[in-house]
Each structure stands twice: as C-alpha cells, then as structure tokens.
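Please work through each task before reading its solution.

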Amino acid sequence: MQPNHADHSRTTDRKDLQSPEERLRDLVEDLDAIVWEAEAPEDALGASGALRFSFVSGRAESILGYPVGRWLGEQGLWPSVVHPDDRARVERTYSTVLLEGRYGGIEYRVVAADGRTVWIRDRVHAVRSAGTGRFRLHGVMMDISDRVEAESALKRGEERYRAFVEQSTEGIWCYEADQPMPVDFTEDEQIDYFYAHGRLTDCNAVFAQMYGFDEPEDVIGARVGDLLPRSDPRNEEYLRAFVRAGYRLSDVESHEVDRAGGSKYFLNNLVGIVEDGRLVRAWGTQRNVTQSKQAEEEIRRQTVFFRELFNSAPNAILIVDMNDRIVDANRGFERTFQYSAEEVRGRQVNDFIVPPDLAVEASDLSRQALRGDIVRKESVRKRRDGSLLTVSILSYPIMVDGRLEAIYAIYSDITERTRVNAALREVAVGVSAGTGEAFFQTLARQLTRALDADYAVIARFATGSEDRIRSLAVCRRGEILENIEYDLVGTPCEGAAHGALCYYANDVQRLFPRDEMLRTMSVESYMGVPLFDSTGRAFGLMAVLHGRPLSNESLARSMLQIFGMRVAAELERTQAEEALRRSEEQLRHSQKMEAVGRLAGGIAHDFNNLLTAISGYSELILIRMPASDPLRRQVEEIRKAGERAASLTRQLLAFSRKQVLQPRVLDLNAVVIEMDKMLRRLIGEDVLLSTILQDGLGRVKADPSQLEQVIVNLAVNARDAMPRGGRLVIQTANIHSRDVQPAEVPELRPGEYVMLAISDNGVGMEPDVLGRMFEPFFTTKEKGKGTGLGLSTVYGIVRQSDGYISVSSAPGLGTTFKIYLPYVAEAADVPAGGGTEVQRTRGTETILLVEDEDVVRRMTREILEGEGYKVLEAADGQEALLICEKYEGPIQLLLTDVVMPGLNGHELAEALSESRPGIPVLYMSGHTGDTIIGKGARIRRSAFLQKPFVPHALAHHVRQLLDDH
C-alpha cells in the first residue's frame with residue numbers, strides 16, 4: 001500500500017481522529033530510516049533479486065534518491081543499488097534470515113541515485129504469513145555513513161599514530177598514575193607519588209628492546225622504580241627537574257636499568273598532561289645513549305688512568321711538541337730535576353737541564369727525535385741546584401693518523417746504578433779467578449773494601465741444623481779471621497738465613513739484645529741476604545756489618561743480592577763436590593764391605609763344616625762317655641769351644657748377609673716397647689733412655705730376633721760411648737726417600753720407609769773411625785772388651801732385611817744411627833704360641849745322605865744310624881742319582897748339603913722329584929742366604945738345617961720332616 005503524503009500535513013486535531021494504523025504509518029514516515037517490507041517468491045527463497053517490496057517508507061527517496069515508486073514497481077532495483085563488493089554478502093545474510101526465520105543485521109554499502117556511496121545498517125527479520133505460509137521480510141535501513149566515516153578517520157589517525165610510534169627509531173612511552181596526581185602536591189610528595197603510583201601504560205617495540213624485552217607487552221605495567229631506580233640520586237634529580245619545569249623537559253639524561261640489571265643511559269623528551277589540576281599521564285621519547293655515555297666514561301677513565309700513570313711513573317717524562325717546546329712534565333720530572341711542571345711548560349728542554357759542555361750533543365739528539373727517530377742515549381744532565389745526574393735517555397715519536405705530533409722523552413736516573421756497576425765490576429774482577437774457600441775469603445775481603453764495612457760474613461747452615469750457622473769466610477776490614485759456628489736464634493742473621501733480606505740501618509744492638517757477638521764486634525748497622533740453592537731452599541747467608549749507621553743502602557743491597565747468587569752457586573758446587581767425594585768414598589767402602597762379606601761368608605762356610613764335625617763328634621763322645629770318665633771334662637771344653645766358634649761364624653754370616661732369617665710383618669713400635677725393660681737393665685741407671693714412637697707407624701718385614709739383636713748392639717755401643725752417663729734416644733718415624741738427604745744414604749731406593757733412629761750424646765767418633773766402623777774385627781775398645789763384630793752384625797742384618805743404615809757423629813757431639821726399613825702394606829703377623837717339646841722317637845726309614853765333606857758325611861751317617869735309620873751315602877749329586885737309580889726300595893728322605901761340586905742340593909732335589917715324586921728334602925749348609933732359601937722353597941716338602949749342628953738337632957729335624965709328611 002502506498003503512503004499518502006497529503007495526510008502528513010494535517011493538523012493535530014486531524015491526527016487525533018486517525019486510526020491506530022494511520023498513526024503508526026505517520027510514525028514510520030517520521031523515522032530517520034527506511035522502513036520496508038518485502039515478500040520472497042516461493043520458488044526463489046533467499047535470493048535478494050527475487051524480493052518484491054510491498055512497503056517502503058518515504059525516507060528511501062531522501063536518503064538514497066530513489067522514489068518509492070521505483071522500489072515498489074521495479075523488482076530488480078534493489079540488487080542493482082547494492083554495492084557490487086557487498087552484494088553476495090547481503091544475499092547470504094537475507095537467505096540465512098529467511099531460511100532460519102530469525103533476526104539478522106548487516107552493514108553494507110548502497111550506491112545512491114546521485115552516485116554517492118551510502119553506508120546502510122539493515123536490521124531485518126523473517127515473518128511467515130498465517131494465510132499463505134510464505135515468508136515476508138521486515139527491515140529497517142539506517143544511514144550510518146557519518147559514523148563509518150568518523151570511525152574510518154579515527155582508524156586512519158590511529159594507523160598514522162601507530163605507524164609513527166612503531167617506525168620511530170626512538171623509544172616512545174606513556175606513564176600514568178593509578179589515580180591522577182594533584183599538581184599542588186609539594187615536590188617531595190610528587191616524587192614519592194611517581195614512585196608509588198606511576199606505571200607504564202603504553203610503549204613501542206623500540207622502547208621495550210631498550211630494556212631487553214622482546215615485545216611491548218613484556219614491559220607494559222612496569223613501575224617507575226623498576227626502570228628508574230630511586231637508589232641512584234641522578235634519577236630522583238631527573239624527576240625533580242620534570243616537576244620544576246612544569247612537567248615538560250627536553251634532552252634530559254636519565255640513568256636506568258634493563259631487565260638484567262645492566263646500566264642504561266637515555267636522553268629524554270617528555271611532557272605531562274594536566275587536566276583539572278591533576279597530572280593524568282606523561283608522554284615521552286628517549287634515545288639510547290648508553291654506548292656513547294660509556295665511551296665518554298671510558299675516555300674519561302682512560303684519561304685519568306693515563307694521567308695517573310704518567311704522573312706516577314718513577315722516571316722523568318716530558319712531552320715535547322714539534323717546536324721542541326715542553327707540553328707537559330710528570331711528577332717524576334719534578335722529583336728528578338727539581339722543576340715544577342708549570343715552570344717548564346712552553347720552554348725548550350735544552351735551555352735548562354743540559355750542561356754547557358753537552359749542548360751540541362743535546363741539539364743533535366733533539367734533531368733526531370724531531371725527525372721521528374727513536375733515540376737512546378746515556379748522558380749527563382743537571383738539576384736545578386746544579387748537581388749532575390747520569391741519565392738514560394729514551395725518546396720516541398707520538399704518531400696521530402700517521403703524522404708526527406709530539407715527542408715522548410723519558411729520563412731514567414742511573415747515577416746510582418752506574419756507581420753500583422762500577423763497584424760490582426771492581427769486586428767481580430777481584431774474585432773472578434777464585435773457587436771454594438779462596439773465593440769466599442776474597443769476596444769477603446772485597447765486600448769490606450767496596451762497602452766500607454767493618455765486617456763481611458759468608459756462612460752456611462751447620463751440618464744437620466737450621467738453627468746454627470757455620471761461617472765459610474769472616475773478614476774484618478780486609479783481615480780474614482778464623483771461621484766460627486754460632487746459634488741463629490735471637491740474632492739478625494736468623495731472618496737472613498731463613499729466606500728474608502734483613503736490613504737494620506742503625507741501633508741493631510738494641511734490637512737484638514741477646515746477640516753477644518754484636519756487642520763484641522761493636523756493630524751499629526746490619527744487612528744480610530739469604531743464599532738459596534737451585535731448588536729455592538735457603539741454606540746460608542751473606543752479610544755486612546758496620547760500626548756506624550749504614551749510609552749507602554742501595555749499593556749494599558745490590559752488591560749482596562748480586563754476589564749472593566754467585567756465592568750460592570759456588571757453595572752448591574762445593575757441596576756437590578763434597579757429596580760426590582763422600583759418595584765415592586761410600587761406594588768404595590760399600591765395595592770393600594761387600595768383598596769382606598764374601599770372604600767372611602766363604603770362611604764361615606768352610607769353618608762351619610769343620611765345626612759340624614767338632615761339635616757333632618764331641619756330642620757323640622759325651623753321649624757315650626760315662627760321667628766318671630776323667631777325659632769327660634776335656635771333651636766338654638772341646639764342645640764349648642765349638643759353640644763359641646759357631647757363635648763367631650754366625651756373626652760373620654750376619655755381616656756377610658748369609659744367615660738364615662725368619663722374617664715376619666712387624667710393628668716396630670711393639671718391638672721397641674717389648675725391649676724397654678731389658679734395655680734399661682742393659683744400659684744401667686746412669687743412662688736415661690727415652691723413646692719417641694710415631695703414632696700410626698707403618699709395618700716392616702724383618703726377623704724379630706735379628707732386629708732385637710740390632711737394637712741391643714747399638715744400645716750397648718751407645719752405653720760404652722757414655723762412660724759418665726748420658727741420654728739414649730730411640731725414635732721411630734714414617735719417612736719417604738725424598739725427605740732423606742742423598743748424601744746421607746746415596747743408595748737409598750725411592751719409596752716409603754720406616755725409620756729406626758738410635759742416638760746418644762756420648763763421645764762421638766772421629767772421621768777415620770766412621771769410615772771403618774762396619775768392618776769385621778775392627779774395634780776401638782780395649783783388648784778383651786769386644787770382638788769387633790757387633791756393628792758388622794748390625795750392618796749385615798739391616799742389609800739382609802733389604803734396609804739401609806746411616807750414621808752421623810762428631811767428637812763430643814754424640815752419635816746417631818738411622819735404619820731405614822721398607823714399608824709394607826700388610827697387617828702385623830701374630831707370633832705362633834710355643835708348644836710343648838715332643839718326645840723324639842727313633843726311626844726305621846731309609847735316608848739318602850749327600851755331603852761332599854767326608855768328615856761331616858761320616859759323622860752324619862753315624863748319628864742317623866744310631867737313631868735307627870737306614871742310610872744311603874753319596875759324596876755328590878751324580879753319585880746320589882746313581883744310587884737312587886739302582887736302589888729299588890723306598891727312600892723316605894733326602895738329606896743333602898746345598899753347596900756341592902757338580903749338582904748342588906737344589907738341582908739334585910729337582911732331579912729326584914721326577915723319579916721319586918713327593919720325597920721330602922732336608923737341606924743343610926754352613927753358607928746359607930737368600931739364594932739358598934729361595935731355591936729351596938720350590939720343593940714344597942723341605943726344611944733347612946744350619947751348620948754346625950749337634951746330633952739331637954739333626955735327629956729332631958729329620959724326625960719332624962718325616963712325621964709331617
């Protein structure tokens with residue numbers, strides 16, 4: 001139905017008479033919108049082109065320029081006026097509303113009759129007709145062009161703003177307070193408010209990256225204090241300046257921190273937004289000037305550093321320009337030449353420090369320097385007071401971009417060095433040809449003359465002590481005195497000897513009141529330097545002493561230090577020669593002892609065969625001789641003499657290291673403690689026995705009885721060396737070979753040892769006695785008080801136990817023996833308990849007896865046959881093999897000598913073990929040792945009988961071996 005426009009002009013009275021439909025139509029026409037109604041054909045549901053408008057309000061023409069008649073009469077009008085880019089979207093929306101029967105809204109563009117593009121907001125819904133069941137669409141179209149244009153403008157503005165912010169190379173930020181801040185707050189209140197309530201609300205990516213963040217979102221929300229620490233007073237001053245300037249600052253520096261806590265410097269422009277008397281927000285931009293600031297700081301620091309370096313240099317330094325005029329002078333120049341830097345700036349150096357007679361030389365040097373040459377020269381220059389200095393001159397060009405800009409001149413005062421060098425050359429010439437004692441004496445004499453000293457001393461540590469010193473040369477004003485030895489404690493030499501340069505310019509007697517020698521020598525000043533060996537260990541000193549305060553300290557210091565190295569090298573050389581001489585003497589002594597030992601062992605072996613016969617036959621005779629026989633006493637004397645001779649051969653065997661040992665793993669402390677009471681009875685009441693036993697002492701492997709014999713022999717020797725009483729000390733300690741001086745035990749193998757030291761404070765020994773003390777039959781005791789085999793026995797036992805022995809002694813200073821036994825990582829053996837003696841039984845077994853000594857073989861056969869055994873007798877190994885081959889009966893035991901011509905006892909036992917496996921073997925010998933015991937161990941069923949032996953011992957060993965097997 002078409003609206004009646006004439007009705008719109010009727011009066012209010014007429015409207016009051018209208019029907020509700022008429023009033024509704026008027027209301028629709030008054031709306032600033034296009035109200036419309038359309039039907040969709042049944043066969044074209046959802047297609048906007050098929051819509052047939054049944055009503056369109058009059059606003060359609062005023063908004064879009066198309067008359068209402070066209071809307072109602074032209075079915076294809078509507079699709080044609082919709083903007084082509086929006087047409088498909090509009091059709092989809094209408095189709096959806098028709099299909100689903102619901103409300104829908106869409107904004108799209110329409111091309112007005114005059115060609116304008118009008119933005120329409122269309123609100124549409126579908127209604128089903130009750131009569132026909134077909135859909136109708138009701139809609140309201142509103143012109144929203146103004147709003148869209150405003151939004152577009154705003155968007156364009158925002159895009160321009162965001163483009164500016166994001167494209168900016170500077171950081172852009174906005175800070176806001178939780179609540180706007182009244183600007184009438186005091187300055188302090190405002191600063192507190194900033195830190196309490198200010199937070200970052202906007203920023204660009206450049207700003208975020210300045211603080212080490214990837215995106216703005218990572219830093220937005222940060223408080224003022226997070227980025228602008230209040231702990232830095234510069235930041236608080238920055239905010240105060242912002243307040244004082246009325247919330248507007250330009251090119252102001254701030255000092256901030258990034259997310260890692262690193263310092264950052266920014267140059268800022270900022271403005272605050274004030275509304276209604278309150279600061280709402282602050283906008284700002286900032287440039288990162290950290291690198292330039294750091295560069296400035298580094299330049300400033302380096303300028304200060306090099307200025308300080310320039311001024312603190314001990315040498316005199318000048319900077320001279322290309323006109324040969326002084327630009328600057330350091331404090332070293334002021335000290336050396338007595339002119340201030342202000343006095344010399346702008347002057348030519350040759351005008352005031354060059355002596356007249358060296359003017360030509362100085363001019364030549366200046367010309368060379370100004371050409372860019374490096375100049376080195378030793379010459380003489382004068383001070384302000386006219387005194388002359390010997391100086392070393394070094395000048396070199398200062399180049400800037402390849403161009404010579406200035407000269408750097410260094411003057412080193414070498415006056416004292418020149419004087420020292422002259423004195424050193426004089427002393428060096430004086431001692432150049434000397435060595436050893438002659439060198440030490442000549443140097444001491446030269447030192448007193450060159451340093452005008454009253455005394456010069458060269459000394460080394462006394463033997464075995466670092467608390468005593470023994471002089472190598474003492475000179476008193478050119479006169480060589482007798483060498484002395486004295487204690488270091490409480491003397492100025494104590495510090496010098498133990499590694500420090502000691503200098504006392506005056507009053508040295510008061511500083512060391514206990515040093516009697518200083519008073520005796522009337523010494524006032526002292527300088528001493530340590531002497532170091534090649535390992536860096538202090539081992540002596542060199543000193544000069546004056547009867548007045550020391551005036552030329554630097555010369556004395558230089559001379560002592562330089563010649564101290566020469567003295568140390570010479571002293572070490574002489575010690576090395578002395579150690580080599582001692583080593584050669586010890587080697588010769590060791591070779592002699594080895595030769596004597598072999599001789600003693602050979603003698604003992606042969607003698608033991610004879611003693612076997614003497615002891616054996618005398619024992620047999622006594623067994624068979626009635627007690628009343630008048631010859632019995634003489635036979636007993638023969639037996640006793642044999643026993644004494646056997647004891648003598650045992651000592652010889654101990655010295656020659658040919659005795660049989662029964663080693664066990666021992667706790668040496670336990671051995672010493674066990675012997676304590678016996679030793680105290682042995683040495684007497686006038687000798688004080690002390691033991692110093694180390695806790696946690698390592699174990700050793702040795703024969704305990706032989707070790708006890710060593711301790712007893714050394715204790716007896718010590719007692720005899722203290723006829724008026726004294727002190728005997730027994731000490732144990734764990735020690736490593738590196739802690740033992742090579743000269744003390746040259747042959748000591750590397751490794752860990754347990755040391756047993758036995759010391760006395762007796763009469764001591766002369767050097768010639770020390771060299772022979774271990775020789776057999778050598779003794780210093782009077783006739784009848786010693787055989788001379790005690791120390792020989794000690795030496796043999798220690799060496800046979802794979803140990804070493806050293807001795808230090810001097811007349812009046814006592815003697816110390818040190819025994820080094822190899823450490824073993826085993827638990828100590830528990831001694832087997834003694835059992836009751838078993839009654840010996842006679843035998844019936846067959847024994848193969850092999851002995852090359854006829855008298856011993858006959859006696860042994862007689863003893864065995866007397867015990868009931870059957871004896872097969874052979875004089876050597878070959879004969880024994882033939883007997884075994886012919887004898888068809890069993891042989892229960894092989895009794896054989898070890899050392900025989902042809903096959904020895906071990907070789908014979910090996911050979912027999914093939915034809916008669918498992919046969920027990922009893923070895924016998926008067927010449928036993930490691931080789932005999934070691935080889936015998938290859939036969940598991942074996943035992944050993946030491947010659948000389950007596951019948952019951954032979955019978956016991958035979959019976960025990962047979963019974964055990």
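## Exercise 1: A salt bridge and its network

Aspartate 192 and arginine 230 form a salt bridge, with 2.6 Å between the closest N and O atoms. State which parts of the chain this pair ties together, and which residues belong to the network of salt bridges that includes Asp192 and Arg230.

Solution. The model is a predicted one: local features require pLDDT of at least 70 and side-chain atom pairs pLDDT 80 or more, whereas totals for chains, interfaces and linings use all residues. Residues are numbered from 1 along each chain as its sequence is written, and side-chain values use heavy atoms, with hydrogens and water left out.

Step 1. A salt bridge requires a side-chain nitrogen of Lys or Arg within 4 Å of a carboxyl oxygen of Asp or Glu.

Step 2. Aspartate 192 belongs to helix H8 (residues 187–197) and arginine 230 to the loop between H10 and helix H11 (233–244), so the pair connects parts that are 38 residues apart in sequence. Helices (H or I, at least four residues) and strands (E, at least two) are DSSP runs numbered from the N terminus.

Step 3. Aspartate 192 is partly exposed at 37% relative accessible area, and arginine 230 is partly exposed at 35%. The classes are buried (under 20% relative accessible area), exposed (over 50%) and partly exposed (in between), with a 1.4 Å probe and protein chains only.

Step 4. The network links Glu187, Asp188, Asp192, Arg230, Glu236, Glu237, Arg240 and Arg244. In total, the structure holds 56 salt bridges.

## Exercise 2: Salt bridges within a helix

Determine how glutamate 297 and arginine 300 are placed in helix H12, and how glutamate 865 and arginine 861 are placed in helix H27.

Solution. Step 1. Glutamate 297 forms a salt bridge with arginine 300, the closest N and O atoms lying 2.6 Å apart. Because the two residues are three residues apart in helix H12, about one helical turn separates them. Glutamate 297 is partly exposed at 41%, as is arginine 300 at 45%.

Step 1. In the second pair, the side chains of glutamate 865 and arginine 861 meet in a salt bridge of 2.8 Å, N to O. These residues are four apart in helix H27 (residues 854–866), so they too are separated by about one helical turn. Both count as partly exposed, glutamate 865 at 38% and arginine 861 at 29%.

## Exercise 3: Surface patches

Which residues form the nonpolar patch that contains Phe305, and which form the negative patch that contains Asp214?

Solution. Step 1. Patch residues have over 30% relative accessible area and no salt bridge; like charges are joined within 9 Å, and nonpolar side chains (Val, Leu, Ile, Met, Phe, Trp, Tyr) within 5 Å.

Step 1. The nonpolar patch consists of Phe305, Phe306 and Leu309, which together have about 310 Å² of accessible area (Shrake-Rupley method, 1.4 Å probe; for residues, only the protein chains shown count as cover). Phenylalanine 305 lies in helix H12 (residues 290–312) and is partly exposed at 43%.

Step 2. The negative patch comprises Asp214, Glu215, Glu217 and Asp218. Asp and Glu count as negative and Lys and Arg as positive, while His and the chain ends are not counted; the place of a charge is NZ of Lys, CZ of Arg, CG of Asp or CD of Glu. Aspartate 214 is located in the loop between helix H9 (205–210) and helix H10 (224–227), and its 57% relative accessibility makes it exposed.
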